Amino acid sequence: MAGEQLPGPTAATILGLTPATLLHEDGEAKRMTLEEQIKQVGIRAGARVVGVASAAAFRETVPEGYRPEDVLPGARTVVVAGGDGPTAGAWRCPDHRVMEITGYDLRENVAVHVMSDYIERELGHYAIQAPSLSVHGHQPPMSMMHAAELAGLGTRSLAAHIILNPEYGLLYYAALITTLELAPDPPLTEPACPHPGCAAMYKRIGTTPCLRVCPACLAGGVKDARIEWSTYDRERCHSRAQTYGIGSFQKALLEIVNEDDADKRRTMIYSDFFAKSIQALGFYRDSIAQCFECMRVCPVGRKYRKLK
Amino acid sequence: MSDAFPPDATRRLKTTALKAGAVVCGVADAAAFDKHAPQGHRPDDLLPGARSVVVVGGAQPRAGDWLATSPWVLQTMGTTDRIQSVGRKLAQYIESEFGYYGLYVPPGSAAGDTPFISFALAAELAGLGSRSLAGPILSREHGFLYWSIVITTAPFDVDPPEAEPACPAPPCREMWEREGTTPCLKICPASNGGCLEGRLENGRAVRTFYDAARCNTRVHTHWIGGFQKVLDETLNEPDKEKRKMLLYGDFFTRTLWAITYSSTNIAQCFECMRVCPAAHGLKEMK
């Protein structure tokens with residue numbers, strides 16, 4: 001076939017997902033809208049929820065340099081995928097060390113890549129994964145939390161401002177930026193936090209489950225069943241949530257380098273803490289977080305954690 | 001979701017596991033661990049009310065990898081990560097499909113080198129293989145596999161342990177009769193700087209000695225231990241130039257690669273498995 005190249009298969013086409021095959025299953029062989037197609041591709045690739053935000057919506061609240069069009073010129077839309085964290089079984093485990101290194105699928109990232117391929121190959125528009133890892137301090141080039149809010153997937157909570165999905169509670173978010181114009185989902189009108197139970201608890205005793213379990217990191221107030229104010233000590237929370245990781249490696253290494261006694265140094269180098277910190281660098285996917293206490297007591301999405 | 005446990009649940013679970021990339025999938029009775037595992041390392045200790053343990057095996061080196069003449073192939077092409085993805089997926093599948101708790105057991109250690117639960121024991125109890133003289137669990141059909149496990153409150157149908165072990169393989173029995181050793185014992189004898197000692201007794205393998213610490217330093221040459229060792233040596237080295245050589249040396253560089261690309265640097269010694277006639281599966285390649 002001279003002068004012509006056949007595109008290779010994408011994850012979506014391997015799953016049999018093309019605009020022609022993505023049909024409504026209500027008996028009527030009607031093609032899905034673009035928004036429905038992309039969401040279906042994301043869900044089939046492992047996302048729990050998918051939402052759409054307009055790139056323009058970021059302009060109102062996000063400083064220049066951190067908006068979708070700063071990453072992809074001509075960006076029109078941001079598609080956000082939310083993926084599951086620990087299973088209900090992991091939440092139930094009495095050994096805290098399991099949750100500390102339990103592995104995640106991080107399927108939201110896979111879903112974002114499969115949707116991006118679908119948009120580029122099948123729909124002919126640019127699509128890239130939105131960069132979400134910190135590049136300066138704790139600062140990512142683009143906020144996944146904000147993207148999830150704008151895409152109508154959740155709202156900020158009293159618990160370290162973690163975005164809670166009203167149905168599933170804690171999810172992990174990834175996003176893609178595309179030049180494809182899609183109809184955005186509206187942000188949620190009813191916040192997921194405070195849960196009615198928490199609002200009632202606050203009225204009764206002036207606190208909520210998350211504020212009570214972690215007064216060291218969290219503070220906030222509830223008025224008329226809405227968050228009135230909230231703040232959290234990010235540095236403290238970070239050092240607890242990520243006990244094993246880059247930060248612990250740096251901390252231990254500095255102490256090791258500063259230790260003059262060779263025997264003490266050796267003990268520190270071969271200690272469980274340092275070994276686990278190195279392990280966390282390698283198996284980063286297994287060491288996402290080591291503290292989940294504010295989420296453990298959160299009732300939002302708890303119905304999915306109560307099984308047989 | 002009906003309260004009754006679907007009669008075809010185990011079949012559906014196994015089909016899902018195989019479709020997700022497992023080579024084998026078996027189920028062990030959670031209570032069966034009580035006889036063999038110390039308290040704290042039993043399924044019920046990690047998931048209250050545990051009834052079954054689902055074990056998947058696969059992601060083993062391919063026949064071509066075993067055949068590769070360069071030792072660097074196996075040293076840098078680990079694949080175990082893929083079987084862990086299957087385990088994670090099954091835990092979610094059990095919860096969303098059947099409504100029972102599913103706990104994916106992390107392959108990392110609880111403390112030191114101690115795992116949360118023995119994956120080898122789980123594979124044995126799930127009828128997927130049996131212990132070899134060299135140590136790893138061998139499946140009769142597929143040989144050496146990597147394992148991932150999910151503890152669940154779901155009452156899946158339990159598989160019986162394997163009746164006939166893969167080890168010793170018939171050629172090893174013949175070799176034992178002839179020379180008083182087996183391929184694995186010969187390649188890594190504890191009496192001569194190796195890790196293994198054992199014998200065949202009534203056609204069964206009996207392992208009499210295993211130097212775990214020595215084996216660990218050989219299997220994980222470029223890994224956390226390697227990093228710790230070079231760091232220790234570097235900080236003890238007063239000569240600035242020598243320190244620089246240590247840090248830019250091939251050994252430390254490979255160690256950093258191993259940590260960064262953790263899923264492709266699973267192990268650096270496979271010799272006992274390389275020579276094992278039962279480790280590479282029954283299927284002959286052309």
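Which strands of chain A does helix H6 (residues 107-123) lie across? The legends below take this up, along with other views of this predicted model.

**View 1. Helix H6 of chain A on its strands.** Helix H6 lies across E2, E3 and E7 of chain A. Against E7(A), helix H6 of chain A runs at about 15 degrees.

**View 2. The open sheet of chain A.** Here we meet four strands in the order E1-E2-E7-E3, paired antiparallel. Strand E1 (49-54) and strand E3 (127-129) of chain A form the edges, each pairing on one side only. From one strand to the next, the twist averages 25 degrees.

**View 3. Strands E2 and E7 of chain A.** Let's look at one pairing within chain A. Strand E2 (residues 77-83) and strand E7 (residues 172-178) of chain A run antiparallel and are joined by seven bridges. Look for Ala81(A), which faces Ala174(A) of E7(A) across the pairing.

**View 4. Helix H2 of chain A.** Residues 34-44 of chain A make up helix H2, which lies across E1 and E2 of chain A. Its direction is at about 140 degrees to E1(A).

**View 5. The domains of chain A.** Chain A is assigned domain 1 (11-178) and domain 2 (243-286). Taken over C-alpha atoms, the centres of these domains of chain A are 34 Å apart.

**View 6. Where domains 1 and 2 of chain B touch.** Chain B is assigned domain 1 (9-152), domain 2 (170-210) and domain 3 (214-264). The C-alpha centres of domain 1 and domain 2 of chain B are separated by 27 Å. Contact between them involves four residues of domain 1 of chain B and eight residues of domain 2 of chain B. On the domain 1 side, two residues are nonpolar, two are polar and none is charged.

Technical notes: Residues are numbered from 1 along each chain as its sequence is written. Chains are lettered from A and ligands numbered from 1 in the order in which they are written. This is a predicted model: local features need pLDDT of at least 70, side-chain atom pairs count only at pLDDT 80 or more; totals for chains, interfaces and linings use all residues. Domain bounds come from an automatic or database domain assignment. Two residues are in contact if their C-beta atoms, placed from the backbone, lie within 7 Å. Ala, Val, Leu, Ile, Met, Phe, Trp, Tyr, Cys and Pro count as nonpolar, Asp, Glu, Lys and Arg as charged, and the others, Gly among them, as polar. Two strands pair if DSSP finds at least two bridges between them. Helices (H or I, at least four residues) and strands (E, at least two) are DSSP runs, numbered from the N terminus. Axes are lines fitted to C-alpha atoms, for helices over the stretch in contact, and angles run from 0 to 180 degrees between N-to-C directions.
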